[in-house]
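Have the structure open as you read.

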Amino acid sequence: MPDFQLHSPYSPQGDQQQAIDKLVKSLRAGNRHQTLLGVTGSGKTFTMANIIEQTGRPTLLMSHNKTLAAQLYSELRQFFPDNAVEYFVSYFDYYQPEAYIPRSDTYIEKDSSINDEIERLRLSTMSSLLTREDVIVVASVSCIYGLGSPEDYAQAMFPVRVGMDLGRHGFLERLVSVMYERNDIDFQRGRFRARGDVVEVWPASLEEEAVRVEFFGEEIDRISMFEPLTGNVISRVDTFTFYPAKQFVTASGKLQKALKTIREECDARVAELEGQSKLLEAQRIRQRTDYDLEMMREMGFCQGIENYSRHLTGREPGATPYTLLDFFPEGFLTIVDESHVSIPQTGGMYEGDHSRKTTLVDFGFRLPSALDNRPLRFEEFMKITNQILYVSATPAKFELINSRVGNQSYTPVKRDVDVTRLPQPRISPTSAAIDDFDVTTNGCWLIAEQIIRPTGLLDPVLILKPLKGQIDETIELCRQRVERGHRVLVSTLTKRTAEDLTDYLRSIQLRVRYIHADVNAIERVEILRGLRAGEFDILVGINLLREGLDLPEVSLVCILDADKEGYLRSETSLIQTAGRAARHTEGEVVIFCDTVTKSIQALISITEYHRRTQQEYNERHGITPSSTKRGLQEGLKIAAPEFSPPAKMAEGGSDEDVEAVIAQLQQEMVEASAALEFERAALLRDQIRELKSAGIPSGTVPTKVNYRNGMKKSRSRR
């Protein structure tokens, strides 16, 4: 059993210990599903850390967004400094998938921007899972997307040691075979350089260290770890293991077999299309496949090689793809944080991907095997995972139905489920029911409630205000809090409103920034760090100012247009957003509404229940509430660019700065891609490229409207 050592200056407080005991007992009893119902600020991460230590199993901790994943990663690294805590999220800062739009006959090529640092962290995760047992992986939904075969990745690893008879030429061949590139001038991760009998390699999974291998004849004479920038030796080592430089690696024997099976599928597909009189599609797929095969034969890879993953890994048509979950050993523990969001997100990935690729296949842009390069179906995810712990302050009916003794196999939740028969978290029948539960007793719920905050903090005070004048009222409330050195969150309904409100608040000399889905993952982390560090006072956002964000300095949350019932103003959303002010003794939530909706009433009811329970606990134990104190979150060690919202674009005139135009176009390109408007995104991408390559002097850029109207659409010829 792996040895997980939890390092913390404090021990479980409040009702943390009873939650830990119940959940550990349930896991050791072999129950498949269990739920931790923990309110904001009750120390759910610390509870999870204790459960990991006591169960002693490799753990996958899933989060629904990169920002929360980064926060969990930072906290768990502090709790487990002697163990391997890894971070695995999508490494795309920008991703526009390959697509075809039949109605306009437009083909859009795949375009992406890869974050090198996140790619390093992903490679480090894969390497740790294959070489260690004491591994905790904090991952986003990216973990259910296709990866290379764990077997191929493990076989590609090769160790070297002092005295090994390998030879310089043989060593270089091994490096090239695992996707390292030679570059004697530009030395970066995933590259090597050779000078005489000295070969220097910067492993793709290391951050600030590289490896120097020195030969004496055919024998390895010395292995040193050194700083890539200065060349200074850090230490001497006797052995070192090199891992592949890319996430997709295929053994030579499998590649040759894959080339043959790809050719066979192509010939069969061409015959099928010609039999349907689809001559253009048949010619298109033959040309594409011939080019890709030639690239793989000569270079070992091609653009879009992941679409041939079924052939490269030797899987049968329709088989479950390899993912990060296949790198885990048997019996690993899965923790789903903010499960009310993460579970639906996991279940929704497959259909959208399948629909887009089906169109590509039907029109001859991809072979049918491309459909097998996909995320896991939800049923496959549930089959691969072992025991699951759901963590949420507002668990959904899926978690509640499955977290029942006697119902511990996976139970799909149908829409016609009688929700009134489920336990209601805020009424809390669950705690008393499982204080000393017998795991063999039917009718018992495996739900541990954790609503007591160790700091004695009560849920924030709720204040309802009318919609009229909500902006002016928000400004005044912000000024009052800023004067006291506090931080403020403002929740809006749309990205446009968030940006416009940010510009307006900045114009009246308030220090403010915004955050939403178009801000890349690394910038989001840095923005939140900046808020806590006092670089600015007010953060405006939409849906990201919800689950899991740990911001102890925030004492006020303003929810604009709170009575607009819907996804962003549902009961779950309001409870989660209000919870951001639950870590401060002066926490308040101002709800702007003209009507008390069902969701607002639910928020009021659950807040009253939590405040009453916490107050009774404080009186019994003589606790005086105190604000949460926590050090700044550790960054991802990435040099993030300075963040500033794009400059506003005037509709006329010619004095815009070229950088502002490019920034605005890039933002709109990302929005179009996220909305699946691939044709518009491709046009915006082309405009950005032309601006960058034209070298237009600042002050002479045409206006946004005129520039757009002058662009031509790119269409494939039929």
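Helix 19 contributes the most to the lining of the largest cavity, giving four residues. This is a predicted model, and the cavity in question has a volume of about 150 Å³. The lining is made up of 15 residues, and the closest to the centre of the cavity are Thr40, Asp459, Ile575, Gly579 and His610. If you want to find the elements involved, look for helix 18 (571–578) and helix 19 (598–621), the ones that give two or more residues to this lining. By class, the lining has eight nonpolar, five polar and two charged residues. Across the whole structure there are three cavities of 30 Å³ or more.

Now let's turn to the helix pair. Helix 1 (residues 16–28) and helix 2 (residues 44–55) have axes that come within 10 Å and cross at roughly 40 degrees. The crossing of helix 1 past helix 2 is right-handed.

Which residues make the contact between helix 1 and helix 2? Here they are, helix by helix:

| Helix | Residues in the contact |
|---|---|
| Helix 1 | Gln16, Ile20, Leu23, Val24, Leu27 and Arg28 |
| Helix 2 | Phe46, Thr47, Asn50, Ile51, Gln54 and Thr55 |

Sorted by class, this contact of helix 1 with helix 2 has six nonpolar, five polar and one charged residues.

How values were computed: Residues numbered from 1 in each chain as written. Predicted model: local features only at pLDDT ≥ 70, side-chain atom pairs only at ≥ 80, totals over all residues. Heavy atoms only, no water. 1 Å grid on protein atoms, 1.4 Å probe; cavity = no way out; pocket = protein on both sides within 12 Å on 5 of 7 lines; lining within 4 Å. Points joined across faces, edges and corners; volume = space filled by probe spheres on them. Nonpolar A, V, L, I, M, F, W, Y, C, P; charged D, E, K, R; others polar. Axes fitted to C-alpha atoms, helices over the stretch in contact; angles between N-to-C directions. Left-handed = near helix turned anticlockwise from the far one by under 90°. Contact = heavy atoms within 4.5 Å.
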